[in-house]
Amino acid sequence: MIYDEYDYKIPEGKRIRLIIDSDVKNEADDPYAIIHALLSPKFDNRGIVAAHFGSVRSPHSMQDSDTELKHILQLMGLPEELAHPGASKPLTQRNGQLITDGVAAVPGQKPPSDGARFIIEEALREDTKEPLYVVCMGPLTDMALAWICEPSIARKLTCIWIGGGAYPYGGFEYNLSNDILAAQTVMHSDLPLWQIPRDVYSEVLVSMAELQYKVKGCGILGRYLFEQLEQCSHTPASMATNRTGEFWCLGDSPGIGVLLADQLFGYEWRKAPGIRPDMTYTEEPDNREIKVYHRVNSRYILEDFFAKLALYAQRQGTK
């Protein structure tokens, strides 16, 4: 594996299985989080699901994510088989059933996406004792499909979602906006869920100068990360935000960071909310409790990533 040459080992019983579900071509921060995970020896990286990001920025967004994901794997010398295409469209409702890509999600039947099928298969594995976590960095479409088609996975995995508005009111949030029905489904399921909402993941800020200094010089991988982010900063979608050209938000990285270090005292357990069509929250006293983060340790998350990227580049340079 990539990290066999680290000078430290993960203690027995501390490794976990990891699946990432990412709309990786949507914005430039997803590749940072994905590569952070692939460079971390705590994780048995089982695969990555390519997620859609709606149709406003691209009519074939899931396919764009899949292509970008395979490019990352190629840069790292990893097999493309780690990539699994997810649903290409958000969920819609027809005659009481949830549908995507023209196929209904039905309990006990094959799910409508390869990504959801992969999540189910990995969750139901019996040849390992390592716990399974699924980090969703975009819409919850494939996670919802997997649970609908095989509800028993709720006893087999924990879902971590980068998404949803700030508590207590909620409101617009990009990942949520790309599949509100999927988020409603997951919130009303019995899936163990850790949520990192918009106000929290937005805390992970980096300067462009910092990225040039600490990332760009780290070989082919570092140059790719820096250049694709700098290019993204000039797109109309980025220009329409409050970004000034001097900073970026690595908002998907907390999904990896909270698994590397649980960010103790930075969360609370609260009843999973309902979600209205306008993306505001409603109180649901009968729902299960979920873990909701109200802060993350940006210093730890970023410095761990910078160190692992530098060590990776150093090792590549000596081979």
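**Figure 1. Polar contacts of Ser 58 in the predicted model.** In this predicted model, the side chains of Ser 58 and Asp 64 are joined by a polar contact of 2.6 Å. The side chain of Ser 58 also reaches the backbone nitrogen of His 60, at 3.2 Å. Ser 58 sits in the loop that runs between strand 2 (43-50) and helix 2 (61-75). Is Ser 58 buried or exposed? Ser 58 counts as buried because its relative accessibility is 6%, and the cut-off for buried is under 20%. When residues up to four places away in sequence are not counted, Ser 58 touches Phe 53 and Asp 64.

Figure 2. Strand 5 covers residues 97-100 and pairs with strand 6 over 2 bridges, in the antiparallel sense. Which residue of strand 6 is the bridge partner of Thr 100? The partner is Val 103.

Figure 3. Most peptide bonds are trans. The bond from Tyr 167 to Pro 168 is cis, and its omega is near 10°. Pro 168 belongs to the loop between strand 8 (157-162) and helix 5 (174-177).

**Figure 4. Positive phi at Gln 263 and Met 279.** For most residues other than glycine, phi is negative. Gln 263 is not a glycine, yet its phi is positive, near 55°. Met 279 is not a glycine either, and its phi is positive at about 75°. Where do these residues lie? Gln 263 is in the loop between helix 11 (254-260) and strand 12 (267-271). Met 279 is in the loop that links strand 13 (274-275) and strand 14 (281-282). Gln 263 has a relative accessibility of 9%, so it counts as buried. Met 279 counts as buried too, because its relative accessibility is 9%.

**Figure 5. The largest pocket and its lining.** The volume of the largest pocket is about 570 Å³. The pocket is lined by 24 residues, and those closest to its centre are Glu 27, Tyr 174, Arg 198, Tyr 201 and Arg 243.

Figure 6. Glu 283 is placed in the loop between strand 14 and strand 15 (289-293). Its relative accessible area is 78%, so Glu 283 is exposed; the cut-off for exposed is over 50%. How far apart are the C-alpha atoms of Glu 283 and Lys 271? They are separated by 7.7 Å, and the two residues are 12 residues apart along the chain.

Methods. Residues numbered from 1 in each chain as written. Predicted model: local features only at pLDDT ≥ 70, side-chain atom pairs only at ≥ 80, totals over all residues. Heavy atoms only, no water. Pairing = 2+ DSSP bridges. Helix = DSSP H or I, 4+ residues; strand = E, 2+ residues; numbered from the N terminus. Buried < 20%, exposed > 50% of the residue type's maximum accessible area, 1.4 Å probe, protein only. Polar contact = N/O pair within 3.5 Å; in protein donor to acceptor, adjacent residues only side chain to side chain. Contact = heavy atoms within 4.5 Å. 1 Å grid on protein atoms, 1.4 Å probe; cavity = no way out; pocket = protein on both sides within 12 Å on 5 of 7 lines; lining within 4 Å. Points joined across faces, edges and corners; volume = space filled by probe spheres on them.
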